[in-house]
Amino acid sequence: MSTPTKRPLLEVRNLEVTYAGGAAAVRGVDLSLDAGQKLGIAGESGCGKSTLALALLRLLPTGTRTSGEILLGGEDVLTMKWGRVRAVRWAGASIVFQGAMHSLNAVHRIGDQIAEPILLHKKATPAGAKKKTGELLEHVGLPAARANAYPHELSGGQRQRVMIAMALACDPRLVIADEPTTALDVMIQAQILRLIEQLVAEQELGLIMISHDLAVLADTCDRLAVMYAGRVVEEGPARQVYEAARHPYGKALSAAFPRIGDAASRFAPRGLPGDPPDPSALPSGCTFHPRCAVALDSCATEDQALREAGAGRWAACVHAGATVHEPGTPAEEARSSAP
Ligand SMILES: Nc1ncnc2c1ncn2[C@@H]1O[C@H](COP(=O)(O)OP(=O)(O)OP(=O)(O)O)[C@@H](O)[C@H]1O
């Protein structure tokens with residue numbers, strides 16, 4: 001959490017997003033991020049990660065209901081006039097989506113696509129934008145001459161580098177990366193993650209990285225928020241959440257990924273039985289209770305807010321803070337008994 005004297009770069013307060021059809025995709029989310037900080041957002045498919053990312057820049061479809069506050073540098077994105085929202089996109093905050101092939105325009109040279117937001121935001125003259133495009137390409141590890149290439153002439157990793165260059169084109173303070181490496185092989189994935197880390201450190205950006213892969217987030221981010229059914233159910237220092245989650249869902253998500261270098265990794269990772277709930281028809285009480293191995297009778301009726309679960313750690317579980325033995329895989333048992 002931020003110090004009271006310094007305003008966070010981004011503060012999300014009680015954000016609620018409901019799609020036109022009634023799906024409550026984001027429910028009461030609070031987040032805080034300082035410049036230079038990297039926040040990971042994890043969760044299964046459908047838990048609301050992308051909806052949250054799109055809400056931050058008011059990119060949700062017409063008819064979607066949004067409430068709460070999204071304070072970017074103290075200004076509420078949700079109540080801004082559209083002209084101001086357009087000014088904030090790219091220049092205040094930008095998004096790198098997964099699957100660069102779909103995000104880039106196939107019929108335009110990549111240099112023109114990177115220069116477009118620079119010109120749109122009047123950050124440079126056409127000649128200045130061309131120069132900056134070359135510099136940005138070199139900064140993300142591509143030769144400036146690749147500006148003349150079309151998207152299909154680049155590899156998947158190179159295209160993702162282009163997306164990162166484009167995201168940085170107008171010098172934003174916040175970058176939101178939504179599954180930026182999901183479509184890439186592991187070697188390229190590692191290169192792109194190191195590039196993102198390097199750029200964040202160099203430019204003191206705030207980074208929100210969204211992924212279903214807790215291991216990737218634990219490796220890249222300072223803090224980690226775990227979402228379930230539209231809520232943040234656990235938050236804390238990234239490595240601690242990954243190694244020893246306090247919420248049964250965080251534990252299950254963590255157990256779903258093998259640990260390289262962990263003696264217990266010879267045991268198979270374990271999946272979580274059942275499916276996430278339909279956001280149009282959420283279960284009563286704690287929404288995780290139908291899948292929870294340690295649910296009490298009261299969990300079916302009593303909702304749980306985030307509560308302190310150790311220093312700098314939060315979990316929305318009746319057991320948070322208490323030691324509960326949950327029957328686990330041998331890998332989990334070995335980990336929990338390790339000194
Ligand atoms: N345009 C839309 N209209 C109605 N419901 C939607 C829309 N987009 C997403 N949803 C629903 O909102 C919920 C959250 O979806 P969202 O894409 O935010 O999840 P996610 O965690 O990002 O999943 P994934 O990892 O698969 O992208 C899902 O139940 C989804 O079906």
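So, where α6 meets α7: on the α6 side we have Gly-156, Gly-157, Gln-160, Arg-161, Ile-164 and Leu-168, and facing them in α7 are Ile-188, Gln-191, Ile-192, Leu-195, Ile-196 and Leu-199. Contact here means C-beta atoms, placed from the backbone, within 7 Å. By class, that contact has seven nonpolar, four polar and one charged residues, with Ala, Val, Leu, Ile, Met, Phe, Trp, Tyr, Cys and Pro counted as nonpolar, Asp, Glu, Lys and Arg as charged, and the others, Gly among them, as polar.

Quick caveat: this is a predicted model, so local features need pLDDT of at least 70 and side-chain atom pairs pLDDT 80 or more, while totals for chains, interfaces and linings use all residues. Numbering runs from 1 along each chain as its sequence is written.

Back to the helices. The axes of α6 (156–168) and α7 (186–203) come within 10 Å and cross at roughly 15°. That makes the two roughly parallel, the word for angles under 35 degrees.

Now α4 (110–120) and α5 (126–139): their axes are 9 Å apart, at about 125°.

What is buried in α4? Ile-110, Gly-111, Gln-113, Ile-114, Ala-115, Pro-117 and Ile-118 are, buried being 20 or more other C-beta atoms within 10 Å of a residue's own, again placed from the backbone. Those buried residues pack against α2 (82–91), α5 and α6. And just after α4, Lys-122 takes a positive phi of about 50°.

Methods:
Axes are lines fitted to C-alpha atoms, for helices over the stretch in contact, and angles run from 0 to 180 degrees between N-to-C directions. Helices (H or I, at least four residues) and strands (E, at least two) are DSSP runs, numbered from the N terminus. A residue is buried if 20 or more other C-beta atoms lie within 10 Å of its own, exposed if 12 or fewer, and partly exposed in between; C-beta atoms are placed from the backbone. Two residues are in contact if their C-beta atoms, placed from the backbone, lie within 7 Å. Angles under 35 degrees count as roughly parallel, over 145 as roughly antiparallel, 65 to 115 as roughly perpendicular and the rest as oblique.
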